[in-house]
Amino acid sequence: MADTFELSHEALNGLFAALRKDGRRVLAPVDSDGRTELNEVESPAQVAKDYLQTILSAKEVVFPKVERLLSYTTGPGKVELKDPEPKALPTVLFGVRPCEAAAFGALDAVFNWDTRDSFFNARMAQIAVIGLSCTKADAACFCTTVGGGPADTRGSDILLSPIEGGFLAEVLTEKGRSIQALAPELFQDGRGIDKTAVKLDKAFDQPALTAKLPGMFDSALWVDQSLRCIGCGACAFVCPTCVCFDIQEEADPKQGQRLRCWDSCGYRMFTLHASGHNPREVQSQRWRQRIYHKFSYYPERYGMLGCVGCGKCTRACPVDMNLREHLVETSEMKA
Amino acid sequence: MEALKQKAKDLLERGEVKAIVGYTKGTGDIRRPYFAQRPEQVDGLVLDEACTQNLATYATKHEVRHLGKLGVVALPVTQRALLQLMAERQIRDGDVIVLVAEEGNVEKGNVKELASAAALEEHLALKTDVMDEKDQELLAKLNAKSREERWAFWHRELSRCVKCYACRNSCPMCYCDHCTMDCNRPQWVPVASHDLGNFEYHVVRAMHLAGRCVECGECGRACPVGIPVHLLTFFAEESVHRQFGQRAGHSAKLDYALSTFRPDDKESFIR
Amino acid sequence: MEEKFEPKLTAFVCNWCTYAGADLTGTSRIKYQSNVRVLRVPCTGRIDFMLVMKAFQKGADGVIVSGCHPNDCHYTSGNYHARRRWMVYKDLMDFMGMDTRRVTFSWVSAAEGVRWAQLVNEVTDQVRALGPYAEYQQLVGAGIE
């Protein structure tokens, strides 16, 4: 049960100050050379105005593009192993869109499935999410189709929705309440104020698509859709739910480090076996895998979708692989 | 446009090509690569200033090659890339029919069909391509900075790289089945996208493109985080041209500066 | 007592000319500064620009690349190819902001024992004056969470 409050623009200034006084760094979307990127900010004035979304997702805060898992030095007859302390600083992510906030759940499903990933968990424990509802959407967005929405509260500790003079603030979780407690006087009573956000119609029937996919494995559709795909990792890397990684060991005779870095199922070598066999030799198989992983295997295995409908993949793709469009086409195909 | 569509339809109907590689309308105002394999599909073809991808990259993509002989709707940079690929023996003379809709005349409908490397070379000999003004300016601005300023610029920009390889994969000249980046014995360039791995990767790519880059700029456009990586390959290409007079995409016979030499090559820094 | 900075130099030299020349320097009992570590390759044509970058990554403050004079290459044309490669690479290095003062390309023959010593001494003094290549070391280890 959320408590609703009114947070004026001025009060938001005060909240930022209170957060920083509490030793937390605040990351928010900022304008950088015409791009919107997540960066450290000191005040709301530095936050980008009028942005749709950041290019990269907030996942980089809890699942960085390069992360040290361990390091070691070797000497005569011995190895000294060093576990890194995950440098998790107390952080507040401000201005996260509801789609990306919901994505943390999808990341958690993988990172805490059987083994509990200490790196991910340490970083998640240190972050709090102040989400920001969407007042606009573009042709790539389809959050409402996948169970989300422009003002969805999943994944946010506090969700702000723009109203005149400031924001409606929904304080949703324990973490959210602890932020409010830093400066409770900034939060005015907000009961009775309506939450407004952009309206986004559903693009296709997602449950029907998920049910249909197992029977479409051998369809020629995957070949047609993926003909223009160049097999890069742009979609996987900007995606807030994509979680595949590679482990790289960088070593010389005296010392080494083991790194975890982002990987993409779109790469040809992703499933290349040491024997030389590659179960996904052609791009259509890899494209199909991407769709199935997000819309068929994820529901089957984790009981949730592996896609939040943010549209980042579509915007980042050099050859305009529009995911929403592809999924609509897939839904409309005769089984 | 109608003449282009008609020509494309003809080629498909006569079975002269198995697929037309062109552009079609994409999300919003952008265009995307398009493959018409049946005559009725040519109606989706579009050609205007918003078309930017270098379609020559598909001439070496094996899923597209396996369709058979291709008819490629080619922008000037695509024409140069295709000629360079022929010079590098990556596409056989006759594998591709190049469809040129003369610039500015798309509506008037003059469509040239170039079916051989020789024809392509002859057509391109009549053109003088000039680098995009904006890119010329950016290069000039960078060259005017001090070395330390350039270091700060490239270090900052390249630290943002996530090693997605959109730049590499969108480039027609990066066609190696086993890219040096994928080699792990030895792992010459680190896979991880830390500062060092990013810097080394982009240096390698620029050096591998020196003398081979047709300056389409697609790598810079493809980058999802907006790093102007095309400036690196443009610079390497211009350096080769300035010092050796050789250029990519001009000849059907390979004229690669870094596999040739002249005994009297002039430089001023070797002691 | 403060330790004065001593530069680390890596030299990639071709087996037939510069390496033999360096050998001659030794047999002639000519002394020269010992900051340089000499790595022998068959020919300068084998030298990949990545070797230079890796040397810097591993902590070199300066790099020397040296081989046979034009027309004297043991493999006929290896040094011509190398020259072309260096002409482009040096340009690119400078464009990307690397300190090209720290890289020296030279032709030193098997007979030039004295010259090798002179070259190494000159380069060592030059790089000592430039100081450690701390800028490049900024890259190493950066960007890892």
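Okay, one definition before anything else: two residues are in contact if their C-beta atoms, placed from the backbone, lie within 7 Å. Keep that in your head, and remember that this is a predicted model.

With that, let's go to where chain A meets chain B. Here 33 residues of chain A are in contact with 28 residues of chain B. On the chain A side, the elements giving two or more residues are helix 8 (234-238), strand 11 (245-252), strand 12 (255-262), helix 9 (283-302) and helix 10 (312-316) of chain A. Sort that side by class and you get 19 nonpolar, seven polar and seven charged residues.

Chain B also touches chain C. That contact takes 31 residues from chain B and 34 from chain C. Which elements of chain B give two or more residues to it? Helix 6 (147-159), helix 8 (195-209) and helix 10 (230-244) of chain B. Helix 8 of chain B provides the largest share of the chain B side, eight residues. By class, the side of chain B that touches chain C has 19 nonpolar, four polar and eight charged residues.

Now let's look inside chain B, starting with its sheet. Five strands make an open sheet, in the order 2-1-3-4-5, with mixed pairing. Strand 2 (31-36) and strand 5 (111-114) of chain B each have a single partner strand, so they stand at the edges, with one side left without a neighbour in the sheet. On average, neighbouring strands here are turned by 25 degrees against each other, ignoring direction.

Zoom in on one pair: strand 1 (residues 19-25) and strand 2 of chain B run antiparallel, joined over six bridges.

Helix 4 (residues 117-125) of chain B lies across strand 4 and strand 5 of chain B, at about 135 degrees to strand 5 of chain B.

Last stop, a helix pair. The axes of helix 5 (residues 133-144) and helix 10 of chain B come within 11 Å and cross at roughly 80 degrees, which makes helix 5 of chain B roughly perpendicular to helix 10 of chain B. B:Asp135, B:Leu138, B:Leu139 and B:Leu142 in helix 5 of chain B meet B:Leu231, B:Phe234 and B:Phe235 in helix 10 of chain B. By class, that's six nonpolar, no polar and one charged.

Technical notes: Residues are numbered from 1 along each chain as its sequence is written. Chains are lettered from A and ligands numbered from 1 in the order in which they are written. This is a predicted model: local features need pLDDT of at least 70, side-chain atom pairs count only at pLDDT 80 or more; totals for chains, interfaces and linings use all residues. Two strands pair if DSSP finds at least two bridges between them. Helices (H or I, at least four residues) and strands (E, at least two) are DSSP runs, numbered from the N terminus. Axes are lines fitted to C-alpha atoms, for helices over the stretch in contact, and angles run from 0 to 180 degrees between N-to-C directions. Ala, Val, Leu, Ile, Met, Phe, Trp, Tyr, Cys and Pro count as nonpolar, Asp, Glu, Lys and Arg as charged, and the others, Gly among them, as polar. Angles under 35 degrees count as roughly parallel, over 145 as roughly antiparallel, 65 to 115 as roughly perpendicular and the rest as oblique.
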